[in-house]
Amino acid sequence: MTGTTAASPELLTPAAARGWTPAVFGVVPEGARRRRPGDVARIAVAALIVLLTALGADELTPLEQRLFDLLTNVPGWVRSGAEVGYRAGAIGTVVVVLLAFVLTRRIRLVSMLILAGALAGLAGIGLRASVDAAAVRTAGGLEVDGSVPEYPVVVLAVATTVLLVAAPYLLRPARRLVFAALAVAAASAVLALVGLPDDVLGGWALGWGVAAVVHLAVGTPAATPSIGEVDDALRGLGVAVTGLRLDPAQVWGETRFTARAPDGGAVSIELIGRDAADARLLAKVWRWVWFKDSGPTIAVTRTQQLEHRAYLLLLAERVGVQVSSVVIAGIAGARETAVLVLREPDGLPLPDADPERVTDSVLDDAWQNLARLHDAGLAHGMMQAANVVLLADGTTAFVDFAHASSGAPAERRLVDAVELLATTAALVGEERALAAAIRALGREGLADVLPLLEPAALSAETRRELPERKALLARLREQGAALTGG
């Protein structure tokens, strides 16, 4: 376990001993389905494997000929047993899993699995028709019991798709049984001469890729750690909280839970999954396409991401900005979960506060905090009003540093100002928001912000939350130009 501790030691307690309970076959609750950035990479790798195996399927190599001759000379009971293993591992396992979901009344999930399997089947049939390896193999004499090895092994592709889509909904022992069944089915397909090794690999890759497409389209529970896993990690770090639950607001590639400290204070638990680096890479590519600045530097490991985020919060706190207090950061739990535990400021996000409390002095305080961040070379990266917390004394605090960066260039700091201006305008009106901005930035500073008041400059979350964003931004540009004389 590695970690950094700060501010809230009352949350830290000696790690409690955990009891052991047997895990049995079963279905986990569906929970929140989310998309995994890593599925994009899985689709690309699967497509490459399918392409390579397809290119080699219409040519019979000497090695394939020798393997076929070897397997046709084994005792008949070996191939018969392999045929049973292939059908039991592929078809039988799919039937058992579907039956388990039917018995637990997951009818929508069963429908999704059937559709996913049908998609894989159609893709496999289309691939077989386009490659037409059967003609080459028939000419080469690779025929046994009236048929030749097929490319790809469509049944295996269908089974792989269904079982990989279903696996995140199963308990860990059941998942292991599913993966073992797929391995048995693949090996048995070769022994039974249903397909040659390239055919089996192509079918498996096709199923893996289609499963990743389904996960990317509808989301998967695999992207969200269970409450039990989070509790296990917190115990490993010696953190005591109550009321642990999934936060409705999530960051792609990460998972956020909320809880309560023993004194009743709000706690957030941020878990950085193995997909976080993929999410950051895709985000950087997207920003590089649209903007000159590709965003914050990617940390190589999850530990580095944790430590960097904790460092940014501590640095912001040091320059006088009220932010979430770092309790501990580290890797813990049976699954080595990367966890950052924070004590959140005691207040309400600006959109949730009483409108009468969002005074001009509150807006000024938010802009002053942003100026302190920028003077320290920090950019928040998601400076929407929802991340500005109004405290009881009328001051403000900033939360959610998931997209923050140090050594931020001027363009990134300007985007912070754009988001704060646009989202506060949606709350208090354009006139008051612009007046607060000009008090904080001056006429020249506001003039620098106005050209960036475009939807593309806003984060996806901000674009979704802003009502009639194009019209709002147009009004801000027009009224801002009048104020600055532009």
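Predicted model: local features only at pLDDT ≥ 70, side-chain atom pairs only at ≥ 80, totals over all residues.
Strand β9 (residues 388-391) pairs with β10 in the antiparallel sense over three bridges; helices (H or I, at least four residues) and strands (E, at least two) are DSSP runs, numbered from the N terminus, and two strands pair if DSSP finds at least two bridges between them. Numbering starts from 1 along each chain as its sequence is written, and side-chain values use heavy atoms, with hydrogens and water left out.

Zooming out, β9 sits in an open antiparallel sheet of three strands, ordered β7-β9-β10. Its edges are β7 (347-349) and β10 (396-398), each of which pairs on one side only. Helix α12 (residues 360-375) lies across β9 and β10, at about 40° to β10. Axes here are lines fitted to C-alpha atoms, for helices over the stretch in contact, and angles run from 0 to 180 degrees between N-to-C directions; contact means heavy atoms within 4.5 Å.

Then there is the helix pair α4 (residues 107-131) and α8 (residues 197-218), whose axes come within 10 Å and cross at roughly 135°. On the α4 side, M112, A116, L119, A120, A123 and G124 meet L206, V210, V214 and V218 of α8. Sorted by type, the residues of this contact are nine nonpolar, one polar and no charged, where Ala, Val, Leu, Ile, Met, Phe, Trp, Tyr, Cys and Pro count as nonpolar, Asp, Glu, Lys and Arg as charged, and the others, Gly among them, as polar.
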